[in-house]
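Look at the sequence and the model together while you read.

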Amino acid sequence: MWDLAWREIAAIDAALADGVIDQQGWHDAMAGLLREPYLGAKTPWEQSGKSGTEQDWVRTRKVVVEALDRHGSFLDVGCANGYLMECVAIWAGEKGLDVQPHGVDIVPEFVELARGRLPGWTDRIHLGNALTWNPPQRYDFVRTGLEYVPANRRRDFVTRLLADVGDRLIIGPYTVDIGDEETEHELADWGFTLSGRVETPHEKPGGVRKLLWVDQS
Ligand SMILES: C[S@@+](CC[C@H](N)C(=O)[O-])C[C@H]1O[C@@H](n2cnc3c(N)ncnc32)[C@H](O)[C@@H]1O
C-alpha cells in the first residue's frame, strides 16, 4: 500500500466485500485508477507506475534480476508499457544471462502502448487477466504482484501461476513496514516454500522493499 492510492484501493476492496461490485468490477475499478496516470506520464518508468527519477526506477526495480539464476524466458505479469521487460533483459545480460522477456497486462491501452514501444516483441505482449489468462507457453520466470487480484483470490493466483504459467514465481518488489511478514506467512499457510528473498532499504524510514520467489515443486 505504500506506493499506491491506498484510500481508493480500500474503498474498492470494501465495495467487493459488501457485494456492491463483483470481481470483474474490482479489476475494472483498479484499472481505472491506473489508466490516466500511466497514459499521461512522460517517462517510461512513470508509464509503469514508478514516480521519481530514472535512478529511483533502477534502485527499486533492478532487484528483480536477483531471482534470475539461469538463461530463460521471463514473463512480467502486469507489464504496463513494457519497460520492466526491456530493463530485465539488459540487467540480466549484465549478469551474463540471456533472458527473453514477455508480458501480459489487463488494460488494453497499456498493451497497445507496450506493443507500440516494443514493435519487435508484439507477439510476446499479451492482453489478459493473469488470474484467468491462458498463456501460449510456459515460462522459466514469472514476476507479479499479489495486489493484482482481490485478497480472497491470492492463493488461487499463486497456485495457478505456478501450475499453469511458470517454473519460478517472483513476487514484488513490494513495500511494507519493517518487520511485516504477512505475505511470507500467507505463502507458508497456503503450502508454498520460499526459494529466495531479498530485502532492500526503503527511502522512507520504517519501510522495506521485498522480493520473494517460490519454485514449482
Ligand atoms: C505497478 S504496474 C507494474 C509495472 C511493471 N511491471 C513494474 O513492475 O514496474 C502494475 C500493472 O499490472 C497490471 N495488472 C493489474 N492487475 C492485473 C491482472 N490481474 N492481470 C494482468 N495485469 C494486471 C496493471 O494494469 C498495471 O499495468
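Helices (H or I, at least four residues) and strands (E, at least two) are DSSP runs, numbered from the N terminus. The model is predicted: local features need pLDDT of at least 70 and side-chain atom pairs count only at pLDDT 80 or more, while totals for chains, interfaces and linings use all residues. Residues are numbered from 1 along each chain as its sequence is written, and side-chain values use heavy atoms, with hydrogens and water left out.

Begin with T183, a residue of helix 7. T183 has a relative accessible area of 16%, so it counts as buried (under 20% relative accessible area; exposed is over 50% and partly exposed in between, with a 1.4 Å probe and protein chains only). Apart from neighbours within four places in sequence, T183 is in contact (heavy atoms within 4.5 Å) with L146, Y174 and L212.

L212 also touches L187.

In soluble globular proteins, nonpolar side chains tend to be buried together.

Which residues of helix 6 are buried? They are F157, V158, R160, L161, L162 and V165. Their cover includes strand 1, strand 4, strand 5, helix 7 (182-189) and strand 7.

Now turn to the ligand. Of the 20 residues around the ligand (a heavy atom within 4 Å), R61, D76, G78, D105 and N129 come nearest. A polar side-chain atom of R61 is 2.8 Å from a ligand oxygen atom. A ligand nitrogen atom lies 2.7 Å from an N or O atom in the side chain of D76, and a ligand nitrogen atom lies 2.7 Å from a polar backbone atom of G78. Helix 2 (23-39) and helix 3 (54-61) each supply at least two residues of the shell around the ligand; helix 2 gives the most, with 3 residues.

How values were computed:
A polar contact is a pair of N or O atoms within 3.5 Å; within protein, one must be able to donate a hydrogen and the other to accept it, and residues adjacent in sequence count only if both atoms are side-chain atoms.
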